[in-house]
Amino acid sequence: MESDVEESLRKRPRKYPFSADSSSRKFEQYLGRPFAIIGEVNFMQDDDNRLEITRTRCKSLLKMLMASFCSTICHWKVINVQTLELQINMDSDKIIFERLQKEFEAARASQTEEICLDGDAWNDGLLATIRERVHMESDRKAMHGDADILSCPHEKITYKIGNKVICCLEGARIGVQYETSYAGEPCEFYHCVLESKSFLEKMTVLEHTVPFFLPIREIENDLLSSNAMKFIDHVGDLLQAFVDRREQVRLIKELYGNQIRELYHSLPYHMIELVLDDSDCKVTVSLRYADLISVLPTRISVLAWPMFNKNTTATLNRKEDGLSGSHSTPIRLTYAEDALRTMSLPEAYAEIVLNLPQALQQTYHQKAPA
């Protein structure tokens, strides 16, 4: 009996969980539960929304990073281009300087006479004579050729007026060489070449070796056509003042560089900022020059911030002198400002440092309570 039952069970077909019958029955069950399918669909839609939001944010972040990267690359390209342009300008200026220096040396070597002038001897009449001589020499060469010039040499005169040397150059040009100096020692040479198409036409600046940050073109527009002599003198004053200011800064860096914590200046050295470190205070010096031909500053500010500590009992940090505590308000050092108005920068610096402790004591004695 039992064997017949087992045989019948063995012969009965097996029902697999994923058969068509089971799937149809499960589908029928789901038909009775419509909200279960909708819940699962909603859950899948929420996941899709989150993925889409994440994808959008990643795209936005990637765009921001790419924009920042491109901006950085462009910025560095601009810097590199500016640096390259500055280097090219410097190389070009160096080439022009070397060529003009050789031309001036050749002109002075071939001169027949050098006339030194001062005072009223340098005037518009002399400049007109130089212009006439330049054009006459150029016309004579054009008419007779170089062979006739060598057989009948013409006198070549060079004029020296102060720090200027004026000579006649080839091609109807007037060359002005400026010899700058500081404290009696020679510094750089600068050149300015003037030309005009004829004696009656106004002169123009053909080329020069004046630093690019000095406004020679503005001076040319303002003065050269109306008063050429004043133009020549003004350029000389401009260059000499620039060298004076620059050498003063160079000298204090050389002498007192270990005491100067910060130093800033403009290219023409007409704005200078110093920060000095002293054992008892920090001193800031701000200098402004009225114009580019000034050697002494006109707008001056010197401020000191005392920095007292427990170890400065022998100098300034004494209660009986009214100097205890830390003072956050700066002290204006009028004696230093007066020195900077009348002395060169290295001399004034020495004066400031020498009298600083006494000036601080006097200032705080006056401020001390009775």
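In which sense do strand β3 and β4 pair, and over how many bridges? Strand β3 (residues 164-169) pairs with β4 in the antiparallel sense, over six bridges.

**About the model.** This is a predicted model, in which local features need pLDDT of at least 70, side-chain atom pairs count only at pLDDT 80 or more, and totals for chains, interfaces and linings use all residues. Residues are numbered from 1 along each chain as its sequence is written, and side-chain values use heavy atoms, with hydrogens and water left out.

**View 1. The six-stranded sheet.** Six strands form an open sheet with mixed pairing, in the order β1-β2-β3-β4-β5-β6. β1 (113-117) and β6 stand at the edges with a single partner strand each, so one side of each has no neighbour in the sheet. On average, neighbouring strands here are turned by 25 degrees against each other, direction ignored. Strands are DSSP runs of E with at least two residues; helices are runs of H or I with at least four; both are numbered from the N terminus. Two strands pair if DSSP finds at least two bridges between them. Strands of a sheet pair through backbone hydrogen bonds, either parallel or antiparallel.

View 2. Strand β4 (residues 173-182) and strand β5 (residues 185-195) run antiparallel, joined by nine bridges. Gly175 has Val193 of β5 as its bridge partner. Val193 also stands opposite Glu207 in β6. Four bridges join β5 to strand β6 (residues 204-208), and these strands run antiparallel. In the hairpin of β4 and β5, two residues lie between the strands, and Ala183 takes a positive phi near 55 degrees.

**View 3. Helix α5 against helix α6.** Helix α5 (residues 216-224) and helix α6 (residues 228-256) pack at about 155 degrees, with their axes 9 Å apart. That makes α5 roughly antiparallel to α6. Angles over 145 degrees count as roughly antiparallel, under 35 as roughly parallel, 65 to 115 as roughly perpendicular and the rest as oblique. Axes are lines fitted to C-alpha atoms, for helices over the stretch in contact, and angles run from 0 to 180 degrees between N-to-C directions. Among the residues making the contact are Ile219 and Leu223 of α5, and Phe231 and Leu238 of α6. Contact means heavy atoms within 4.5 Å.

View 4. Strand β8 (residues 271-277) and strand β9 (residues 281-288) run antiparallel, joined by seven bridges. Met271 has Arg288 of β9 as its bridge partner.

**View 5. Confidence along the chain.** The protein chain averages a pLDDT of 79, and 70% of the residues score at least 70. pLDDT is the predictor's confidence in each residue, from 0 to 100. Over residues 15-20 pLDDT stays under 50. Over residues 310-326 the pLDDT is below 50. Where pLDDT is low, the predicted coordinates should not be read in detail.
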